[in-house]
Amino acid sequence: MSITIPIGPQHPALKEPISLKMTFDGEIIKDADIRLGYNHRGLEKLFEGKSYVQNIYVTERICGICSHSHTTCFVNGVEKLLGIEIPKRASYIRMLIGELERVHSHLLWLGVAGHEAGFESFFMYTWRDREIVMDILEESSGNRVHYAINTIGGVRRDIDETQRTRILNSLKILKERTDYYKNLGTTEPSFVARLSGIGILPREQALSLCSVGPTLRASNIDMDVRKDDPYLAYDEVPFEVSTADTCDVLGRTVVRIKELFQSYNIIEYILRNLPAGDIKAKVPRKVPAGETVSRYEAPRGENIHYIKSNGTEKPERLKVRAPTLANYPATVAMLKNGFIADIPLIFAAIDPCICCAERMVEVKDTKTGRAEIKTFDELKKYSRDFYKNHKKIKKDTVWPF
Amino acid sequence: MIEKIIKWSRLKSPWVLHLNTGGCNACDIELLAALMPRFDVERFGILSKATPRHADVLVCIGPLTRQTKDRVVRIYEQMPEPKFVIAVGACAMSGCVYRGAYNIVGGVDQVLPVDMYVPGCPARPDAIIDGIVKLLTKIGKG
């Protein structure tokens, strides 16, 4: 006999509102159904009413953890449409902030993984070290979370000599701390035992379910947009794509720790080879008509923005495909045949960013289970017809008082 | 005498429930950072709780979406009296940049009585601590 248990929208294991409907057979998960929509704000419609410059700050607020990924992805696309080349120094600073963001996001994730595995002191350690990165980010951009450093044609703030030396000094401490995390597995066998063999995603399944980012790389596939389709100046920076071959949560942890070291090296390279020059190019306000797709390797995986311009100051369409949305089918596959106690850990392992993924509205007939896409006009017509033909609604009832 | 003890314990151990009503995660991580070693909000006796039934203070983050609207009220009703609500961030106060989006109701104060507002986009951890301490002072006086 199987039982169905709903988890969420508010649940101790979840930091953001999402609903998981799980079917269990005893202790074992038989099926999982992910329901979205609690965090849907209607941003894609909002983009259409704002100018490109205003949209930089709205795209930033798609997500608070990978805010720089979304703005960079957006401005890269707009610059592609404009057909301009941004100054070298600007693209280096963009990369610098992007890598610092990756470091803070991965440290954050390591802590959350420790928390879900019942290793609270690890949680506290990583979040303490994360504050070092937050200080760097605050010093170089002016804010701890929403950096607002991007603008169309370049960046808004420059990195000076004092900041450069201070970041390099902080990197030394971070490297030392990450070395400690790297050696953690040898001293804490219980932590490794908790993570290994959980949430298995075989190589073929990872490919067929289109997972992205560390989830994909932990299944031993070396795909990284920074390497495969270099944007900004990633083709000049030497780095390696980190992979693991265990295909489980342990592999995802290993990939993220490896990526931390790669990011430190990239940051060091950027700071030592920062080209001189302007930080912003002059750009027109109107963007010529056309469409483009922009790709970016966010901390969670590949982020895609599709921008359609109609020659005015406002975009006609801006479609966002955040990495978490791409990882949901893989999560369902990972959850199947696992244990109840592993749900938070498996779900946390994709580093879910629910606010990123809340992008689409699907109309589903609850009786037939058929999903269909309706335009707004069709939806309006449907609701009018529904109330017109609905027998249960009594019409013309007078309020008896 | 008993009332004095109750008030003392209420002031020294306010347990908070962190609730995302549709926000962008930024204030969430800043609130979590406030619980971490550097800012260490626990020295005021503040503990993050996972269930509304254990919580004294509801910390709301993010603009109120249509989908979470009823659920927020339900979670608020599950909390034991006396209960307090803190709206953290510009979104929870008024809707911030999301104002005008079709799925946004507005700030949390549209459905809940808010006792303290913490501004910022996102609100810094020190601002959040300041807000919570100010609320505690308010409770202590009232």
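In this predicted model, five strands of chain B form an open sheet in the order 2-1-3-5-7, with parallel pairing. Strands here are DSSP runs of E with at least two residues, helices are runs of H or I with at least four, and both are numbered from the N terminus. Two strands pair if DSSP finds at least two bridges between them. Strand 2 (47-49) and strand 7 (116-118) of chain B stand at the edges with a single partner strand each, so one side of each has no neighbour in the sheet. From one strand to the next, the twist averages 30°.

Strand 1 (residues 15-20) of chain B pairs with strand 2 of chain B in the parallel sense over three bridges. In this pair, B:Leu17 is opposite B:Lys49 of strand 2.

The table lists them; contact is taken as C-beta atoms, placed from the backbone, within 7 Å. Angles run from 0 to 180 degrees between N-to-C directions, and axes are lines fitted to C-alpha atoms, for helices over the stretch in contact.

| Helix of chain B | Strands of chain B | Angle |
|---|---|---|
| Helix 2 (residues 26-34) | strand 1, strand 3 (57-61), strand 5 (84-88) | about 140° with strand 3 |
| Helix 5 (residues 125-141) | strand 5, strand 7 | about 165° to strand 7 |

The contact between the chains takes 32 residues from chain A and 32 residues from chain B. On the side of chain A that touches chain B, helix 1 (43-48), helix 2 (52-60) and helix 5 (120-141) of chain A each supply at least two residues. Helix 5 of chain A gives the largest share, four residues. This side of chain A divides into 17 nonpolar, seven polar and eight charged residues. Nonpolar means Ala, Val, Leu, Ile, Met, Phe, Trp, Tyr, Cys and Pro; charged means Asp, Glu, Lys and Arg; the others, Gly among them, are polar.

Elsewhere in chain A, A:Ser309 belongs to strand 7 (residues 301-309). A:Ser309 is buried, with 23 other C-beta atoms within 10 Å. Buried means 20 or more such atoms within 10 Å, exposed 12 or fewer, and partly exposed in between, with C-beta atoms placed from the backbone. Beyond four places in sequence, the contacts of A:Ser309 include A:Leu81, A:Val287 and A:Glu316.

Of the 14 residues of helix 16 of chain A, the number buried is zero, so this helix lies largely in the open.

Residues are numbered from 1 along each chain as its sequence is written, and chains are lettered from A and ligands numbered from 1 in the order in which they are written. Because the model is predicted, local features need pLDDT of at least 70 and side-chain atom pairs count only at pLDDT 80 or more, while totals for chains, interfaces and linings use all residues.

Notes:
Two residues are in contact if their C-beta atoms, placed from the backbone, lie within 7 Å.
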